[in-house]
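Hello,

Here is the structure I promised to pass on to you. Please open it next to this email, and then read on for what turned up in it.

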Amino acid sequence: MQEVFYEETATVQSTGSAKTKYYVVKTFSVVFYTIAITWLIISVMFFPTQGNVLINILFAAIPFVLFLSSGIVLGKIKDKLYVDYDYTFVSGSIRFSRVIKNVKRKGILKFDTNNIEKIGKYGSDTFERYMLAPEKKKMILTSNQTPDDGKSFYYIVANVGGIKYIFVLECTETFISYVIRYSNRTVIEDGFFNKK
């Protein structure tokens, strides 16, 4: 079989809103970092030498830790507000990546089609049964509530590294057809080709 390379991206539909939220949260994150550093400098410069040393240290440390941790948490939150997802298929291998603000790309997971247990339409009866199963990890690999034109929501259940993943994708039928072509036919949910 000839080598196949195919890639799709599930892009954020409301980029303006996502970008605004990203920059607002980033600004607050930077403000908290600035306050933390300023508090630390002031605390060191004016550290009281009299009184209870432990209370003085706590008075200096607790606000610093709170401001610093707030900045860290907001920094992590901002990276979830403007995210596109890349799905890459290369002759039997699937790779999922997260692209933050069209700049920073982070690999999520890579696996082969022989790790796939089931493929189907998101929201189907088979999907709901998988969601009720214990010991599974659901990964929604789209930022959208409704699919873009020409795309649908699909799911792929795969056993990777001893963990059962349920991936929810927003992709075209073309991407799914490549995955199916390199998979065992038994992975397709019943009635899949009748659900359009």
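Predicted model: local features only at pLDDT ≥ 70, side-chain atom pairs only at ≥ 80, totals over all residues.

Residues are numbered from 1 along each chain as its sequence is written, and side-chain values use heavy atoms, with hydrogens and water left out.

**The overall picture**

The protein has four helices and eight strands. Helices (H or I, at least four residues) and strands (E, at least two) are DSSP runs, numbered from the N terminus. Along the sequence, they follow the pattern β-α-α-β-β-β-β-α-β-β-β-α. The radius of gyration is 23 Å, well over the 16 Å that the globule rule gives for 196 residues, so the protein is more spread out than a compact globule. That radius is taken over C-alpha atoms, and the rule is 2.2 Å times the number of residues to the power 0.38. Along the principal axes, the C-alpha atoms fill a box of roughly 80 × 35 × 30 Å.

The accessible surface comes to about 11600 Å², and 59% of this belongs to carbon and sulfur atoms. Accessible areas come from the Shrake-Rupley method with a 1.4 Å probe, and for residues only the protein chains shown count as cover. Of the 196 residues, 39% count as buried. Buried means under 20% relative accessible area, exposed means over 50%, and partly exposed is in between (1.4 Å probe, protein chains only).

Contact means heavy atoms within 4.5 Å. Among contacts between residues at least 6 apart in sequence, 66% join residues at least 24 apart.

**Helix α4 and the cores**

Now look at helix α4, residues 173–181, where F175, I176, Y178, V179 and I180 are buried. Its buried residues pack against β1 (5–10), β2 (83–90), β3 (93–100), β5 (116–121), β7 (152–160) and β8 (163–171).

A nonpolar core is a set of buried Ala, Val, Leu, Ile, Met, Phe, Trp, Tyr and Cys residues joined through side-chain atoms within 4.5 Å. The largest one has 31 residues, of which Y87, F111, I116, F167, L169 and F175 touch the most other members. At least two residues of this core come from each of β2, β3, β4 (104–112), β5, β6 (136–141), β7, β8 and α4. Which element gives the most to this core? That is α4, with five residues. Apart from this core lies another, of six residues, among them F127, Y155, I166 and V168.

F175 is worth a click: leaving out residues up to four places away in sequence, F175 touches Y6, E8, Y87, T88, F89, I94 and L169.

**Some single residues**

Most residues other than glycine have a negative phi. N102, in the loop between β3 and β4, has a positive phi near 60°. At 51% relative accessibility, N102 counts as exposed. E135 also has a positive phi, of about 55°, and is found in the loop between α3 (125–132) and β6. E135 is exposed, at 77% relative accessibility.

Beyond its neighbours within four places in sequence, S29 is in contact with G71, L74 and G75.

K104 sits in strand β4 and is partly exposed, at 37%. Not counting residues up to four places away in sequence, K104 touches D79, R98 and V99. K104 and D79 are 25 residues apart along the chain, and their C-alpha atoms are separated by 9.4 Å.

Finally, N52 is in the loop between α1 and α2 (53–78) and is partly exposed, at 45% relative accessibility.

Enjoy exploring, and write back with any questions!
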